[in-house]
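Keep the view open as you read, and find each piece in turn.

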Amino acid sequence: MNRVRRLKLALWVVVGLAASVAVARFLFGLGTTTNLSDANPWGVWVGFDVMGGVALAAGGFIVTATVYIFKLERFHSVVRPAVLTAFLGYAAVAVGLLFDLGLPWNIWHMIVYWNPHSPLFEVGWCVMLYLTVLGLEFFPVPAEEFPKLAGIRAKLVKARLPLVIAGIGLSTLHQSSLGSLFLIMPYRLHPLWYSPILPLMFLISAIALGLAMVIFESHLTAYLYRRKPETELLSSLAKACRWVLLIYLAVRAVDLIVRQQTAQLFAADWRTALFWFEVLLMAVVPIVLFSVPRLRHSRAWQWMTATLAVCGIVLNRLDVGGIAHPRPDGSFYLPSWREIAISAGVVSAATLVFLFVLEHFHVWEERPADPDAEPLKLPELDPVGATWLGVPGIASRTTYSLGFILAAALGFGFLHAQPLESRGIDRTPAQRARGGEVLWIDGNLDGFGVNFKHVEHEKREGGKESCVKCHHMNLPRDENSACSRCHRDMYLPTDAFRHDWHASSSGAHVACYQCHARGQVRTAESAIRCDKCHKNLVPAGALIKVKSYRAVAYTEAMHRLCLGCHIKKAQEKNKPEMTRCDWCHKDKREVIDSREIAIRRQGLMGQDVVLPPKEAEK
Amino acid sequence: MKAAILTDTTKCNGCHECVAACKKQNHLALDLPRRWDAGDGLSAKNWTAIVEGPQHAMVRKHCRHCLEPACASACPVGALHQTKLGAVVYDSSKCMGCRYCMMACPYGIPRYDWQAAVPYVRKCILCYDRIAEGRQPACTEACPTKATIFGDRDQLLAEARQRMASNPGKYVDKVWGEYEAGGTSVLYISNVDLSFLSAGHTLAPKPLPVNTKVAMEAVPFAFTGVVACMAGISWIIERRMKMQNGEDEPK
């Protein structure tokens, strides 16, 4: 297996993995496939796929400007690969964006509904237009193979200069506008990165990245197809890249000084270290390495330095896009493996298309041999020994398909259905109320409870006979079971019926068919009701009618039981404050979690609350 | 008239009547704690929440309805926009789900319906249909202690000043929302510092959309400039190359 085939197999595996995740992304939405959150609504799909992708595709406009505007014809050999990279890069950005958008089928809305004040609107339009321009710029290359397209091809070749100029204009705009995106969030971005000249810094670093990317990509393809890299030609690009990076470094330093943020450079914060690492990787180290003529002209060093610069500038985009956003609430974003799989899959797919075009069209002067063209080798029959000679060969395309399918299957295997709650409510076992005349109801034992005057309530409701009003269900051999015996969790409904007690041999010696009907699936629905055996389980005259043996949460139970009376008495006594939370919850901190309250109140407003009508009581 | 809400945190007892009224008014479904919650009680199904400030102060948190909203300026398709009365509202039929509004908001208010396969941005809409009819929002109507009241912005500002003057020493001498980021329709007075509502930052009076507006207004000029520059350079270099070739040619 040669280098290209090994790489292609790896890329197909990644694409297969991403394909399975993509299905989950569109079926189940962003919440279950990503680690995005309300505090971090943008993640790796924006930071890497969109911001990094656009920057990585900057080689297209740099090289076309060099060759067609500045007429440096010696760079002609890198034009076609650079334009192809840019075209596929922008296509990858568009595809990546489809994954990130919550409503990707509405992406065309940007064409119809305009908001010219929004930098994102501007970026969107520029990317759309520039993708078209790049398509038209590259079209003549595949069109060479089809004589029927010669007419269109000739026209496009003639229109090359205006196309190139438009492409440069559009690139300048959206490369800088990606920086403008963050101008509106001065309080979100760390002061080491936030700057009013962010657009300018993005543009300069994009030019440097474009140059570095051309060097990187030339070396990569030369390595893959065992060609001689144009190291001498590329070294002059490296020289230019060094100058651009020097300007960038100067602009960034002056910016920090003018904004009086130099003290931040030595702050004890991991983001300061990140800043230093980023600047070293993207600017300082490449400048030094590209400045030494011996290293600049060496193939290995040139390739490595370009790689460093590429990684550094992409890191810069990731930092601005999310890593360098200090969150005071301590929320933290780490991409899930599914997000990374999609990002890697989009890049891999673009690389596969790149290699395909490279092998089938005249991107280079001479086309490389198609590494997949080896025919399937069949074993031959040796008539003398009557044996089959040779091992059956496997065509590369079969290998790729196998890799793709296996990876997709693996991906599906790892995608487990997350519960929609994603986190759910923690189990909080309720505790029994404590005390005698005054009950201290503090179910979750966190110190914030309610003083419930048990004796007063008992007297008011009519003495010992009235117990059943509130104690609406008593367990066997129990007179007035405590609330927490059935309502066992603070926030979650629990089953009041304990199957294990009934089924275990140490329990009631019950065979299945004493409760469950024969010949039916044994579920709660097919079982007989509890009060068939336990005669006095639900006493008459209770304020709450037991409809099912699924006990609601402890908090909800307390509120349902108390509030009905409170609302009634508040009207009778003309005391509206009796219905207010702070009538019982004297300590304000008790009622702090609004969601708890919402759940409780929704339970109160819900349909399954049954309070007896007044007539029934009388 | 500019619709506004004034919340006096010293009067709030945290009873959550506003939260319940908001849920009922906007038909918001049951909500459970989720992985993606920011932890302040707000979510796609909770448009207002009571958060605990310093010294156990009860502070109602919801959309501030900025006079110059950063979210509306950021939205590439104009799904978020301001009504005449000052409510910042959302048109879900335009939205494409880029979530730039959530990044742009200095108060971190807009929330996303992360669990949905067809998700939308959700936030308080100041009951814009109710206030257009001349009624007040559901939350202020429900408040039993009148801690949060609805009215005209100028009148509420005067009311806030009057409360501060008649209770010297009770309040911090500041109406939150009067000037921050261009001013907001939702105003607060309190006995504690409320900068935790804007992630601990004290917002400058400069409206946030101004930052991007400067850059966006430069766009046509930048484009024309770059295109003209490139065309000019190309023309000059081509002409010089032709002249050079012409001179080199033997006569």
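**Strands and sheets in chain A**

Strand S3 and strand S4 (residues 438-441) of chain A run antiparallel and are joined by two bridges. Keep in mind that this is a predicted model. The points below start with this sheet, go on to helix pairs and domains, and end with chain B.

- S3, S4 and S5 of chain A form an open sheet, in the order S3-S4-S5, with antiparallel pairing.
- Its edges are strand S3 (434-435) and strand S5 (450-453) of chain A, and each of these pairs on one side only.
- Helix H18 (residues 454-461) of chain A packs on this sheet and touches S4 and S5 of chain A. The direction of H18(A) makes about 40° with that of S5(A).
- Look for one facing pair: Arg434(A) stands opposite Trp440(A), which lies in S4(A).
- Strands of a sheet pair through backbone hydrogen bonds, either parallel or antiparallel.

**Helix pairs in chain A**

*H7 with H10*

- Helix H7 (residues 119-138) and helix H10 (residues 160-180) of chain A pack with their axes 9 Å apart, at an angle of about 150°.
- How are H7(A) and H10(A) oriented to each other? Angles over 145 degrees count as roughly antiparallel, so H7(A) and H10(A) are roughly antiparallel to each other.
- The crossing of H7(A) past H10(A) is left-handed.
- On the H7(A) side, the contact includes Val123(A), Cys126(A), Val127(A) and Tyr130(A). On the H10(A) side, it includes Leu163(A), Ala166(A), Gly167(A) and Leu170(A).
- By class, the residues of the contact of H7(A) with H10(A) are 14 nonpolar, five polar and two charged.

*H4 with H10*

- Helix H4 (residues 59-69) of chain A also packs with H10(A): their axes come within 10 Å and cross at roughly 140°.
- H4(A) and H10(A) are therefore oblique to each other.
- H4(A) passes H10(A) in a left-handed crossing.
- From H4(A), Phe61(A), Thr64(A), Ala65(A), Tyr68(A) and Ile69(A) take part. They meet residues of H10(A), among them Arg160(A), Leu161(A) and Val164(A).
- The contact of H4(A) with H10(A) holds seven nonpolar, three polar and one charged residues.

*H1 with H17*

- Helix H1 (residues 3-28) and helix H17 (residues 396-414) of chain A cross at roughly 35°, and their axes come within 7 Å.
- H1(A) passes H17(A) in a right-handed crossing.
- Residues of H1(A) in this contact include Leu9(A), Trp12(A), Val13(A) and Gly16(A). Those of H17(A) include Tyr400(A), Gly403(A), Phe404(A) and Ala407(A).
- The contact of H1(A) with H17(A) divides into 14 nonpolar, six polar and two charged residues.

**Domains**

- In the domain assignment, chain A has domain 1 (34-335) and domain 2 (434-555 + 611-617).
- The C-alpha centres of domain 1 and domain 2 of chain A lie 66 Å apart.
- Chain B is divided into domain 1 (3-208) and domain 2 (218-248).
- For domain 1 and domain 2 of chain B, the C-alpha centres lie 54 Å apart.

**Where the chains meet**

- How many residues of chain B are in contact with chain A? There are 76 of them, in contact with 71 residues of chain A.
- Elements that give two or more residues to the chain B side include helix H1 (17-25), strand S2 (49-52) and helix H8 (219-248) of chain B.
- H8(B) gives the largest share of that side, 12 residues.
- The side of chain B that touches chain A has 47 nonpolar, 18 polar and 11 charged residues.

**Strands and sheets in chain B**

- Three strands form an open sheet with mixed pairing, in the order S8-S1-S9 (chain B).
- Strand S8 (148-152) and strand S9 (186-189) of chain B are the edge strands.
- Neighbouring strands of this sheet are turned by 25° against each other on average, direction ignored.
- Strand S1 (residues 3-8) of chain B pairs with S9(B) in the parallel sense, over four bridges. Here Ile5(B) stands opposite Val186(B) in S9(B).
- S2(B) and strand S3 (residues 58-61) of chain B run antiparallel and are joined by four bridges. Glu52(B) stands opposite Met58(B) in S3(B).
- The hairpin of S2(B) and S3(B) has five residues between the strands. In this hairpin, Gln55(B) takes a positive phi near 55°.

Conventions:
Residues numbered from 1 in each chain as written. Chains lettered and ligands numbered in written order. Predicted model: local features only at pLDDT ≥ 70, side-chain atom pairs only at ≥ 80, totals over all residues. Pairing = 2+ DSSP bridges. Contact = placed C-beta atoms within 7 Å. Axes fitted to C-alpha atoms, helices over the stretch in contact; angles between N-to-C directions. Parallel < 35°, antiparallel > 145°, perpendicular 65-115°, else oblique. Left-handed = near helix turned anticlockwise from the far one by under 90°. Nonpolar A, V, L, I, M, F, W, Y, C, P; charged D, E, K, R; others polar. Domains from an automatic or database assignment.
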